[in-house]
Amino acid sequence: MPVLDEEASIVAVIGSVPTEVVAEIIVVDGGSRDRTAERARAAGARVIASSGRGYGRACREGADAAAACRSIIAFIDGDGSDDPAEIARIVAPIAAGEADFVIGSRSRGEREPGSMSAHQLLAGRLAGLAMGALYGVRYTDMCPLRAISRTALEQLGMRETTYGWNLEMQMRAARDGLRIVELPVRHRRRAGGVSKVAGSVKGTLKASGSLATTFLRVAAQRRQS
């Protein structure tokens, strides 16, 4: 669970994680200036400090910190917009041996009014079309709520440290022929704080640049293979 200044939501998110399927909750703090880390620790999560800024860096370090016996790694943001109860559905196909990578789709699921902007929905659809053209795998979203087997994640060779992490994972999973399942998931307005991406023009432009750079880099690797 990568976090940055999620003090208002983190306790509720951790408390809603289904412990019957999640053995360990790891919160990776990317340099919060509020009480996010303190509250996450008090709520029962294992909190580690990221070695630097970057959404992808936090996701990578959280996965690396998970105990070696954890065969499935699930990712979810700490802002409360995705329902942690959905994790049980997300990990089930992997646990059953039917999938290697499962991603939630907010565009196909039930969305609370105002939880996603039109440009967020459009970006997910356009990225899905582009990946479909490249790899024959059609996604409808770049939802942060996802799960992947540890073995598959290690084989992907993830490099991205920015907001392009989610896109890179989807592209590499499709390129490498993983068994992929996309499931509709519920989506809500964030529980507090300001979105690092959609909350400002600067954040949106920065994230868009990361996505474009990631797409071109991973797509070029395919052409070179």
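The exercises below, each with a worked solution, concern a predicted model.

Residues are numbered from 1 along each chain as its sequence is written, and side-chain values use heavy atoms, without hydrogens and water. In this predicted model, local features need pLDDT of at least 70 and side-chain atom pairs count only at pLDDT 80 or more, while totals for chains, interfaces and linings use all residues.

**Exercise 1. Locate D5 and classify it as buried or exposed.**

Step 1. D5 sits in the loop between β1 (2–3) and α1 (10–16). Helices (H or I, at least four residues) and strands (E, at least two) are DSSP runs, numbered from the N terminus.

Step 2. Buried means under 20% relative accessible area, exposed over 50%, and partly exposed in between (1.4 Å probe, protein chains only). D5 counts as buried because its relative accessibility is 19%.

Step 3. For the backbone, note that D5 is not a glycine, yet has a positive phi of about 60 degrees.

**Exercise 2. Describe the salt bridges D64–R60 and R150–E154, with the helix that holds each pair.**

Step 1. A salt bridge is a side-chain nitrogen of Lys or Arg within 4 Å of a carboxyl oxygen of Asp or Glu. The count by this rule is 20 salt bridges.

Step 2. D64 and R60 are joined at 2.8 Å, N to O. Both lie in helix α3 (residues 55–65), four residues apart, about one turn of the helix. R60 is partly exposed, at 21%.

Step 3. For R150 and E154 the N to O distance is 3.9 Å. These two are four residues apart in helix α6 (residues 150–156), so about one helical turn separates them. R150 is buried at 16%, whereas E154 is exposed at 53%.

**Exercise 3. Find which helices are linked by the salt bridge between E168 and R217, and state whether each residue is buried or exposed.**

Step 1. The closest N and O atoms of E168 and R217 are 3.3 Å apart.

Step 2. The pair links distant parts of the chain: E168 belongs to helix α7 (residues 165–175) and R217 to helix α8 (residues 201–224), 49 residues apart.

Step 3. E168 is buried, with 0% relative accessibility. R217 is also buried, at 19%.

Step 4. A further case is the network of salt bridges that links D83, E86, R89 and R186.

**Exercise 4. List the buried residues of α3 and elements that cover them.**

Step 1. The buried residues in α3 are Y55, G56, A58, C59, G62, A63 and A65.

Step 2. Their cover includes β1, β2 (26–29), β3 (46–49), β4 (72–75), α6 and α7.

**Exercise 5. Characterise the surroundings of I180.**

Step 1. I180 is in strand β7 (residues 180–184). With a relative accessibility of 23%, I180 counts as partly exposed.

Step 2. Contact means heavy atoms within 4.5 Å. Neighbours within four places in sequence aside, I180 is in contact with F101, V137, Y139, A173 and A174.

Step 3. E168 is twelve residues from I180 along the chain, and their C-alpha atoms are separated by 14 Å.
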